[in-house]
Amino acid sequence: MSGRFDHLPNRRTIIDRRAVAETIAALEGVDPTALRRDATMLLKTALDKGRIEVERRLVEHPSRGLEASSAQAYLIDALLRILFDFTTQRLYPLPNPTIGERLTLIAVGGYGRAEMAPHSDVDIGFLTPGKQTPWAERVIESMLYALWDLGLKLGQSSRSLDEMVRQAKSDVTVRTALLEARYVCGDTELYEQASHRFKTEVQADTARTFIADKLAERDARHRKMGDTRYVVEPNIKEGKGGLRDLHALFWIGKYIYDVQRAAELVGVGLFTKAEYRLFHRADNFFQAVRCHLHSITGRAEDRLTFDLQREIADRMRFSDRPGKSKVERFMQFYFLQAKTVGTLSGVFLAHLDEKFAARGRRFGLPTIRRSPRKLNGFVLDRGRLALPSDDFFQADPERLIEIFQLADKHGVEIHPLAMRAAARDAKLVDDVRNSPTANALFLDVLTSPRDPELVLRWMNEAGVFGRFVPDFARVVAQMQFDMYHHYTVDEHTIRAIGLLARIENGLLKEEHPLASAIFEQIVSRRALYVAVLLHDIAKGRGGDHSILGAEVAQRLCPRFGLTAAETETVAWLVRWHLLMSATAFKRDLSDFKTILDFCDVVQSPERLRLLLTLTIVDIRAVGPGVWNGWKRQLLGDLYESAEEVLRLGHKQKGRAERIAAKQEHLRDALGWDEATFATLVHRLPEAYWIAEPEDVLAHNARFLATTGDAQLAIDAHVYPERGATLVTIYAADHPGLFYRIAGAIHVAGGNIIDARIHTTRDGMAIDNFLVQDPFGRPFDESGQLSRLKTAIEDALANRGKLADRLVAKPLPRTRAEAFDIVPNALVDNKASNRFTVVEVNARDRPALLNQLANALFQSKVTIHSAHVATYGERAVDTFYITDLTGDRITQPARLKTLERRLLAAAAGKRSTWRLRAP
C-alpha cells in the first residue's frame with residue numbers, strides 16, 4: 001500500500017492481505033451471489049481478527065492514538081482492496097474494458113485521513129469517467145452488499161467526474177470530504193484525473209470562501225456544544241477545542257497550500273516546529289481517547305461522560321496524586337490539550353488574516369471598537385494591539401502584563417501573533433512577579449469596570465495568567481469530578497469575575513435585584529474582585545479548600561498591592577465563601593438561632609454585602625440551570641434577616657413580638673372579623689407563626705377556611721418567584737404522615753426542596769411542601785397537579801403498595817452511579833435552641849427523602865421541618881426534629897441508634913424503609 005501506513009509495525013499481524021486474498025481466490029463455484037456470500041464470511045473472519053489485534057495494541061500502548069486510528073484504516077483498506085479485486089476479477093470480470101468502463105474507489109473524510117476509531121463510519125466514494133455503465137453498477141452494488149454484510153457502517157457515494165465537480169462546488173460538506181480523498185484501489189489514472197479536476201475546477205480561487213464557510217460552521221458547532229472548551233463532560237469530536245477543531249485547521253491549510261500531512265503546515269509557515277509538536281500531541285491524545293471511547297461502549301461514542309472518564313483514566317494508566325484523583329488528572333490533561341487547540345487556532349487565523357489582509361475583512365476574530373494608533377510602545381495593526389519587534393517582551397517582561405491592561409483600558413483586541421509571542425515568552429513573567437508595577441497592572445485588569453472576563457480569558461489562553469499567579473496555574477484545566485460543577489476551576493473562576501462585573505454595571509438587575517441594589521454600598525470593591533479570583537484557588541490540594549485558600553490569600557494579597565485591611569477581608573471571604581449558601585440551603589431560616597449563629601461569623605453589614613455578592617456569582621458560575629428562584633429567595637431571606645440583626649443588634653424583636661407582628665399583618669391582609677381570626681390564631685401553635693413567611697400564612701389561612709370538617713384536603717399553588725409549587729396538605733395527624741406524603745410526591749414526579757410540618761391544637765396536620773419537577777421548575781401543569789393530588793390521597797388512604805411504586809420508579813440520572821459517595825449523618829444539638837438538627841449527605845436518588853423520613857418515623861421522633869439541597873449527584877437533606885414530647889434528643893444511645901438508621905436509609909438498604917400502615 002501507499003506510504004500512509006509505513007509507520008505501522010507488524011502490519012501483517014493486523015491482516016495478511018495476500019493470504020486472505022489467496023484463500024478467497026481458492027473458492028469454488030460460478031454463481032456470483034453464492035461466491036460473494038462465501039467471500040464475505042472469510043472477510044468477516046479477517047475483520048474480526050484484525051479488530052482484536054488493533055484492540056490488543058491499544059490496550060498495550062493506550063496513548064498511541066494516531067497509531068491505533070491508522071491501524072483501523074489499514075485494516076479497512078486491505079479488506080476493500082481484496083473485495084474490489086475479487087469483485088472485478090472473479091465475480092464480474094471485464095476482459096476488454098472500454099475507456100468508459102473504468103472504476104476507482106477512494107477513501108474520503110476521516111477514513112481518507114486514515115484516522116478511524118473502532119466504530120467510525122467507513123466513508124468511501126466510487127468514481128467513474130462518465131455515466132455509470134452496467135458493469136460499474138453491478139460491481140458497486142455487489143461491493144456495497146458485501147460491506148453491509150460485514151457489519152460496517154458506510155458513508156458512500158458513486159459519482160462521475162462531472163458530478164463530483166458539480167456537487168463539490170455547490171456543497172461545502174462534499175467539498176471538505178473530497179479534500180481528504182485518498183486512493184484505495186482501482187484505476188489510478190482516473191484517480192489522478194479526478195484529483196487534478198478538483199484542484200483546478202473546485203479549489204482554485206475559492207480559498208477565501210472555503211475558509212469563511214469552515215469558520216462559520218465551526219462557530220455554529222461551538223454554540224451548539226456550549227461555546228466553551230471547559231465543560232466537564234466534553235464531546236471529544238464536536239466540542240470546542242476537540243478533534244473537529246484540529247481537522248478544521250488542517251482542512252484550511254490543505255485547501256490553501258495543498259499539503260498532504262499536518263507536518264507540512266510547518267513548511268508553509270502556518271506553524272512553527274514547536275507549535276506542530278503541540279498539534280501532533282493533542283491530535284494523538286484525542287485519537288487515543290476516542291478509540292478507547294468506542295472500544296469501551298461498543299459504538300460510535302464521542303461524549304466523554306463521567307462513567308467513561310474513570311474507565312479511560314484507568315486504561316491510559318493515570319494514577320492518583322495527593323489531593324487529585326487519577327480521573328481528575330486525566331481530565332486536566334484533556335483540557336490542557338483543548339486549550340492548546342484554542343491557542344493554535346488563534347495563531348493559524350492570524351496567518352490567514354495576514355495572507356488575505358488586502359481584502360479587508362478578518363477571519364474568526366471578534367471585533368470590538370478600535371481606537372488610538374500607538375500605546376506605550378505597542379503598535380496598532382488594523383485596530384489590534386501588536387508588537388513593534390519580536391523581542392519586545394524580552395526587553396521588558398512587565399509588558400507581558402501591560403499588553404492585557406492596555407487591551408482592556410482601550411477596548412482593543414490583541415493581535416494573535418502578539419498572543420503567540422506572549423505564550424512563547426510567558427516564562428519571563430517569573431522575573432517580574434513581585435514587581436509593584438506589574439501587580440498594579442494585573443489588579444487593574446482584574447478589577448476593570450469594563451469587561452475583565454474577556455481579557456482575563458485572553459491572559460489565561462496565553463499562559464501568562466498562570467505564570468504570574470502560580471497558585472492559579474494549579475487549577476488551570478482542573479475539573480471537579482462531580483455532576484454539580486459544569487466547568488473547570490479556572491473557567492468557573494473567570495466566569496464568576498465576569499458575572500460580578502455585569503452585576504456592578506447594572507446588567508443583571510432583573511435576575512439579581514438585591515445584589516444589584518446593594519453593590520453601590522460596597523466599600524471594599526477591590527477586595528471583592530480579588531476574593532472571587534481566589535475563592536477556589538486551593539482546590540485539588542487535599543484538605544478544606546476554603547481554609548487553604550484563605551492562607552493563599554494572606555500571601556498573595558499584599559503582593560497584589562492590597563492593604564492589610566483589604567487582605568484580611570479577602571482572606572475572610574475566601575475562608576467563609578460557602579457559609580451563606582450552606583446556611584440558606586441547609587438550615588431553617590425561621591429558627592432565630594440560625595440567624596444569630598450566621599451573624600456571629602459575619603459580624604458586619606459590609607461583610608454581609610460582600611458575602612452575598614460572592615455567593616451569587618459563585619453559584620451562577622457553576623453552570624446553566626444551577627441558579628433558580630428558590631435559591632434567590634432563600635439567600636434574600638437570609639440577607640434581610642441577618643442585615644436586621646447586624647444593624648439593630650440581637651435584641652431587635654423577641655419571639656412574642658415577631659408572632660404578634662405577623663398576626664397583625666395577616667389580619668390586615670385577610671380582612672376577617674375578629675371572632676373568625678381569633679379562632680384561626682387559637683388553632684395554630686406558636687411554632688407555626690414563627691416558621692412560615694407571611695405570604696404562606698395568608699395562603700394557608702384562606703385554604704383552611706375552605707376545608708370545613710374535611711379529614712383530608714390538598715391545595716397546590718404555584719409560586720413563580722420561588723420557582724416552585726407550594727403543596728399544602730391538611731389531614732388528620734398520625735405517625736408516619738410525613739414520609740407517606742414524601743413518597744407520594746415522588747411517585748407523582750415531584751422533588752421536594754423544602755417542607756414544614758405543623759400540628760394544630762385540635763390534632764390536624766397542616767404541612768407545607770415546596771415542590772419542583774425533575775428539571776428544577778414548578779409543578780404548574782394541570783395534569784401534574786392532578787396526578788400529585790391523586791398520589792397523596794392514595795398514599796394517605798393506604799390504597800396500593802406505595803413501596804412497590806417507589807421501587808419501580810426509574811432513576812432519573814443513572815450517571816450518578818459513576819461517583820463514590822459515602823453516606824454521612826451529622827446530629828447537631830447546638831445549631832438550634834429548640835430542635836435537634838440532623839444533616840444527611842448521600843448520593844441523590846429517587847425517594848431518598850421518603851426513606852430518610854421513614855427512618856426518623858421508626859426512631860419515634862417528630863419532624864418539624866425538612867430542607868433539601870442537591871449538588872449534582874450529592875443530596876444534603878436536613879431535618880429539624882424533636883422527640884414525641886417536643887424536646888431535643890440528647891441521650892447518647894438514642895442518638896447512636898438514630899444515626900445508624902439514617903445511614904442505613906441513606907445507603908438505600910430497603911429493610912430500613914419498607915412502608916407500613918400506621
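Which residue in E12 does Ile 757 stand opposite? In this predicted model, local features need pLDDT of at least 70 and side-chain atom pairs count only at pLDDT 80 or more, while totals for chains, interfaces and linings use all residues. Residues are numbered from 1 along each chain as its sequence is written, and side-chain values use heavy atoms, with hydrogens and water left out.

The residue opposite Ile 757 is Asp 767. Strands (E, at least two residues) and helices (H or I, at least four) are DSSP runs numbered from the N terminus. Two strands pair if DSSP finds at least two bridges between them. E11 runs antiparallel to strand E12 (residues 764-772), with 8 bridges joining them. The hairpin of E11 and E12 has 4 residues between the strands, and Gly 763 takes a positive phi near 85° there. E11 also pairs with strand E15 (residues 861-871) in the antiparallel sense, over 3 bridges. In E15, Ala 866 is the bridge partner of Ala 755.

Asn 439 is buried, with a relative accessible area of 1%. Beyond its neighbours within four places in sequence, Asn 439 is in contact with Arg 433, Asn 434, Phe 468, Arg 559 and Phe 560, where contact means heavy atoms within 4.5 Å. A polar atom of the Asn 439 side chain lies 2.8 Å from the backbone oxygen of Arg 433.

How values were computed
Buried means under 20% relative accessible area, exposed over 50%, partly exposed in between (1.4 Å probe, protein chains only). A polar contact is a pair of N or O atoms within 3.5 Å; within protein, one must be able to donate a hydrogen and the other to accept it, and residues adjacent in sequence count only if both atoms are side-chain atoms.
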